[in-house]
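Dear colleague,

Please find below the sequence and structure that I am handing over to you. A summary of what was found follows directly after it.

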Amino acid sequence: MCSTKELILYKNFENGRLFYGFTGLIEHCKDSSCDKAKMAEEYYICCHELVEIAVSHGFTGNLWHDFLAFLLVNNENAYSRTCEIKGDAEGTISRIARHDFAVFKNLFEFDLHKLETAFGVSEVDLITEYSSPKGAGKVFNQRIRNRICDLAAHLEAADDIENFQKAVTEFYRDFGVGKLGLHKAFRVEHTAKGAEIVPITNIAHVKLDDLIGYEIAKKKLIDNTEAFVNGREANNCLLFGDAGTGKSTSIKAVVNQYYEKGLRMIEIYKHQFQDLN
């Protein structure tokens, strides 16, 4: 079995402790000389962290597979950044990525129930057949959560490394990679590290076709937005009017409609203009 130590591109994960802790269990599964009590303790620590992520992100089903898919779509590296711009990357970088995907494919194919026999642990079904509680998931909206879970299912079903790589690459092409790829809109928040861009996870799924009564103004907004996302000359837009006339709803509709064409928005209040740089 390929070792995670062989990974070239996919490193420096945000949740690296959990990833390497769990993969360490898998890689020691056949090691009769390892400390089984210590391995069992690590297993339950990893289960705790997987469940915490499941609740915060709204994952369901096989939590280990969801977590692996989550790592793949969030890891910004030379390959993932190339694919979100160009689609299918070519040349040596693609071969290097395929090497890493072989490691991940082995992780997807590993039967976690082997850990029960190897280390005397139990309740593996709790993380392979997890049912998410209603209302779980504050980090992602439901659509993003579903896309990650769908990707996990596609990767689990991939019959070879080429199809595994194709599924990941198509995700990068369609949705991008990392925080800016997955989320539609962001706000600026001040933290101890200074100003940061933070995702807005709950956006009403309104579309422009739902808005009626101001077709001329809406057409100007649509034409300008389409020019912008297609790389043509576009204007700054000022929406004005009384409260309740559809300004905020129009912005939500625009970002919903053009998200899959690469549009992202950042909400900035006038007292935050100092943070624009």
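In this predicted model, the largest nonpolar core comprises 63 residues, and those with the most contacts inside it are Tyr10, Phe19 and Leu115. At least two residues of this core come from each of helix 1 (16–27), helix 2 (36–57), helix 3 (63–74), helix 4 (78–86), helix 5 (92–109), helix 6 (114–119), helix 8 (142–157) and helix 9 (161–175). Helix 3 contributes the most, with 9 residues.

Not counting residues up to four places away in sequence, Phe19 touches Thr4, Leu7, Phe13, Trp64, Phe67, Leu68, Leu71, Phe104 and Leu107. There is also a second, separate core of 8 residues, which includes Val206, Leu221, Val254 and Tyr258.

Thr225 belongs to helix 11 (residues 215–229). Thr225 counts as buried because its relative accessibility is 8%, below the 20% cut-off. Leaving aside neighbours within four places in sequence, the contacts of Thr225 are Val254, Tyr258 and Leu263; of these residues, Val254 and Tyr258 are included in the second core. The C-alpha atoms of Thr225 and Phe108 are separated by 41 Å, and the two residues are 117 residues apart along the chain.

Ser56 lies in helix 2 and is partly exposed, with a relative accessible area of 26%. A polar atom of the Ser56 side chain is 3.1 Å from the backbone oxygen of Ile53.

With kind regards

Conventions. Residues are numbered from 1 along each chain as its sequence is written. This is a predicted model: local features need pLDDT of at least 70, side-chain atom pairs count only at pLDDT 80 or more; totals for chains, interfaces and linings use all residues. Side-chain values use heavy atoms; hydrogens and water are left out. A nonpolar core is a set of buried Ala, Val, Leu, Ile, Met, Phe, Trp, Tyr and Cys residues joined through side-chain atoms within 4.5 Å. Buried means under 20% relative accessible area, exposed over 50%, partly exposed in between (1.4 Å probe, protein chains only). Helices (H or I, at least four residues) and strands (E, at least two) are DSSP runs, numbered from the N terminus. Contact means heavy atoms within 4.5 Å. A polar contact is a pair of N or O atoms within 3.5 Å; within protein, one must be able to donate a hydrogen and the other to accept it, and residues adjacent in sequence count only if both atoms are side-chain atoms.
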